[in-house]
Amino acid sequence: MENTLFKLIFGALSALVGLFAPIAGLICCAITFVAVDFVTGVLASRHRAARLGTAWSFESHRAWDTVRKLVV
């Protein structure tokens, strides 16, 4: 009886994971693009500050824009 219950539970979990398996590649691509966007944004901000001769500082409202991209 116990063995049958485990087979049923693991079979159901495997089916559920199998439904979402094709989405994993898309999620990895989206996270990669947002990470590249964040890094290039920081580099551009540092370059802009150096060109203008001002001190560079990390602005959190710009970082929140990246977080919103990642969530939405």
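Trainee: What radius of gyration does the chain have, against a compact globule of 72 residues?
Mentor: The chain has 22 Å, while a compact globule of 72 residues would be near 11 Å. The radius is taken over C-alpha atoms, and the globule rule is 2.2 Å times the number of residues to the power 0.38. Bear in mind that this is a predicted model: local features need pLDDT of at least 70, side-chain atom pairs count only at pLDDT 80 or more, and totals for chains, interfaces and linings use all residues. Residues are numbered from 1 along each chain as its sequence is written, and side-chain values use heavy atoms, with hydrogens and water left out.

Trainee: And what does the C-alpha trace span along its principal axes?
Mentor: About 75 × 20 × 15 Å.

Trainee: How many helices and strands?
Mentor: Two helices and zero strands. Those are DSSP runs numbered from the N terminus: helices are H or I, at least four residues, and strands are E, at least two.

Trainee: How much of the chain is buried?
Mentor: Of its 72 residues, 6% count as buried. Buried means under 20% relative accessible area, exposed over 50%, partly exposed in between, with a 1.4 Å probe and protein chains only.

Trainee: Switching topic. How many aromatic pairs are there?
Mentor: The count comes to one. Phe-6 and Phe-10 are stacked, 6.4 Å centre to centre with 25° between the planes. The rule: rings of Phe, Tyr and Trp (its six-membered ring) pair if their centres lie within 6.5 Å; planes under 30 degrees apart are stacked, over 60 edge-to-face, the rest tilted.

Trainee: Where do the two sit relative to each other in helix H1?
Mentor: They are about one helical turn apart, because Phe-6 and Phe-10 are four residues apart in H1.

Trainee: Is Phe-10 buried or exposed?
Mentor: Phe-10 counts as exposed because its relative accessibility is 52%. Phe-6 has 43%, so Phe-6 counts as partly exposed.

Trainee: What about Asp-65, where is its place?
Mentor: In helix H2. Asp-65 is at 39% relative accessibility, so it counts as partly exposed.

Trainee: How far is the C-alpha atom of Asp-65 from that of Leu-13?
Mentor: They are separated by 35 Å, and the two residues are 52 apart along the chain.
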